[in-house]
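Subject: Structure handover

Hello,

The structure we discussed is below, for your files. Notes on what was found in it follow.

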Amino acid sequence: MMQDYLFFAGINILLAWSVYIILMSGSLSFANGGFMAVGAYASGLMTTRYGWDLWLAIPASAALAGLFGALISLPALRTRGVYLILVTIGVSFCMVVAIESTELLGGVQGLGGLVGTEPWHVGALVLAVGACLWLVSYTPLQRILDAVREDEHVAGALGVNATYVKVVTFGVGAALAAAAGALYGHYLIFIRPEHFNIMISLFMVLYVILGGVNNLWGAALGAALMTLVPEFIRVLAEWRPTVFGVLIVLLLLVRPEGILAFRTVTARAGKRIRKEGAP
Amino acid sequence: MNATLKIDAVSKRFGGITALDGVSFEVAHGELLGLIGPNGAGKSVLVNVVSGFYPATAGAITFDGRAMTHLPTHQFGRSGIARTFQNIRLFRRMSVLENVLVAFPEHVRSPFLSLLRSRRGAEIDRAMALLARMRLADKADLSAASLPYGEARRLEIARALATNPKLLLLDEPAAGMNDRETEELREDIAGLRADLDAIVLIEHNVEFLRGLADRLVVLDYGRKIAEGLPDDVLREPRVVEAYLGADDE
Ligand SMILES: Nc1ncnc2c1ncn2[C@@H]1O[C@H](COP(=O)(O)OP(=O)(O)OP(=O)(O)O)[C@@H](O)[C@H]1O
Ligand SMILES: [Mg+2]
């Protein structure tokens, strides 16, 4: 059982990061449950129907979802703020309906026979993705993402192609959600459309908002807390949505930027300040 | 005239408001052009159009021989046009140093490749040199949001310089500064001329521009009403009238 909890916590951390990556360039995506479904179903088909190796199917389905995410973001990014959120919610709904009505994917009955994921696979991916995000947080890329997120028009005046940056982050976030979805599917053995409904997308976003929107640790903390705490306090499990809701409201009142609100400074002048001969 | 920037019959309308009405002038290589006019004359709108922030409703903009009119904003930045904002728009969540680092053109052009070829130490040195020029070196690690007005405006200039521009557009850089700060800024802007192909400087205070600007262009109600050497322009009856009519600041 413990293994299961850790597995789901790991999956949720990956999913929270998939939302966080898109948020790094300023867009809030409620479509990641849909991208997760693309990963689970695509890799499921590849392995069960076409006999692909799982370790080929996962990157392939992630790439497919990445492309799909980038394509969706092209028209979606033309709309701003609340409208973008609505578009991504729409994508989530459409995805579930599309799967339900596609026979090849098992429709409402679901798709079975997905095997091969071990919990440590998820742990390894969490470490790898976390390390990448941590390394990126000290690079020029991080600064440019921060600039696009804070004021994309000013970033544009500096020469940043903000649309391109946003489309790429959307694609990368979608690919990560899909990789998590593929690992998840091949652990569950049997997947159904409702595993990827709008609530899943909503939870991913809430992990990030709860944990903190400005750094990679917040998303991970939010996901881990919201997955594990209800498992250990059984009372909470039944009340999960309610507790979650109350927590979110409280937190937004007290700490609107999440539990871990800090932003990592990408570079410091430090000792150089004196060398430059300040007045 | 050997022009770097050509503004040809540029108009800009917002719904019913005509903010710019067929404005034409050129900025020569090596020139510092002062842009003046009463409140609401269209100076900032002109900077917004020339920096690609707003598309022109009509007319054409040519920069270094390149037709810019319909290009997206980032192409203006990459062509060598940099600007500051009348209502300061720093990245307030970043540090002073980061506000400069973020604008380096090699990373701005290919942000994802920056993962492979960032030279951190050298880049910080470069940014510190720009900050030192704007007298901000000792503020490098502070949050940009913590800077007072005058320093925030200087940081906007440092950030614009980090893009390695040919043309710098300054929208009221001395606004909110005291006399001493204004004089320092005037010296520093004069010192920038050697490194830039041209500067366009919006300023209400004509004394600031006298002796600094090579030529002046005067806007009023979205139209160009005068252009020429500062002393000549400031004597023209239409200019005197426009300024007396809207005597402010
Ligand atoms: N985004 C906009 N939408 C609608 N109207 C605008 C917009 N920007 C500017 N205007 C209008 O265009 C006119 C010119 O404004 P602009 O800001 O260029 O004046 P300005 O010469 O810079 O004045 P100031 O000296 O006060 O800065 C004003 O009437 C203003 O209300
Ligand atoms: Mg103005």
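Predicted model: local features only at pLDDT ≥ 70, side-chain atom pairs only at ≥ 80, totals over all residues.

Residues are numbered from 1 along each chain as its sequence is written, chains are lettered from A and ligands numbered from 1 in the order in which they are written, and side-chain values use heavy atoms, with hydrogens and water left out.

Ligand site

Polar contacts here are pairs of N or O atoms within 3.5 Å; within protein, one must be able to donate a hydrogen and the other to accept it, and residues adjacent in sequence count only if both atoms are side-chain atoms. B:Asn39 places a polar side-chain atom 2.7 Å from an oxygen atom of ligand 1. Polar backbone atoms also take part: one of B:Gly42 is 2.9 Å from an oxygen atom of the ligand, and one of B:Val45 is 2.9 Å from an oxygen atom of the ligand. Taken alone, ligand 1 exposes 630 Å², of which the protein buries 66% (Shrake-Rupley accessible areas, 1.4 Å probe; for residues, only the protein chains shown count as cover).

Domains

Chain B is divided into domain 1 (1-80 + 165-249) and domain 2 (90-163), with bounds from an automatic or database domain assignment. Their C-alpha centres lie 25 Å apart. The contact (heavy atoms within 4.5 Å) takes 20 residues from domain 1 of chain B and 13 residues from domain 2 of chain B.

Regards
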